[in-house]
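Hi,

Here is the structure I promised to pass on.

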Amino acid sequence: GKGKGKGKSKHSHKNFHAEKKVWIGGIPEEVNYKELHEHMKPAGTKWVEVFQGNGKGTGVACFGTQEEATAAIAALNGSVCGSGTLEVDVWEKKPKEAA
């Protein structure tokens with residue numbers, strides 16, 4: 001079942017199933033998550049994160065359904081956001097560490 005989780009109900013892409021997420025690459029430095037969200041909102045994006053550090057230039061967008069996520073890849077891959085061309089692809093699940 002769905003638990004309340006710990007602490008504040010902070011939104012995070014980790015709350016979304018992998019099949020409802022898309023990976024975004026090629027995000028220009030000047031584009032923040034708000035601009036990226038505006039760019040992706042027509043596709044039905046619910047939540048966007050732009051990664052820093054090792055993942056700089058990449059991010060994640062989350063959708064309500066797997067169909068929306070799939071449609072967003074088709075619609076937004078190769079679209080221009082800021083000074084860059086976005087790469088939008090399926091979200092690869094990292095294997096869980098053995099407990």
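**What turned up**

In β3, Val60 is the bridge partner of Trp23. Before the rest, some ground rules: this is a predicted model, where local features need pLDDT of at least 70 and side-chain atom pairs count only at pLDDT 80 or more, while totals for chains, interfaces and linings use all residues. Residues are numbered from 1 along each chain as its sequence is written, and side-chain values use heavy atoms, with hydrogens and water left out.

Back to the strands (DSSP runs of E, at least two residues, numbered from the N terminus). β1 (21-25) and β3 run antiparallel, joined by four bridges; strands count as paired if DSSP finds at least two bridges between them. β2 (residues 47-50) also pairs with β3 in the antiparallel sense, again over four bridges, and there Val48 sits opposite Ala61.

β3 (residues 59-62) is covered on both faces: Gly59 and Ala61 are buried on one side, Val60 and Cys62 on the other. Buried here means under 20% relative accessible area, exposed over 50%, and partly exposed in between (1.4 Å probe, protein chains only).

His13 comes in the segment before β1 and is buried too, at 7%. Leaving aside residues up to four places away in sequence, its contacts (heavy atoms within 4.5 Å) are Lys21, Trp47, Glu49, Phe51, Val60, Cys62 and Trp91.

Cheers
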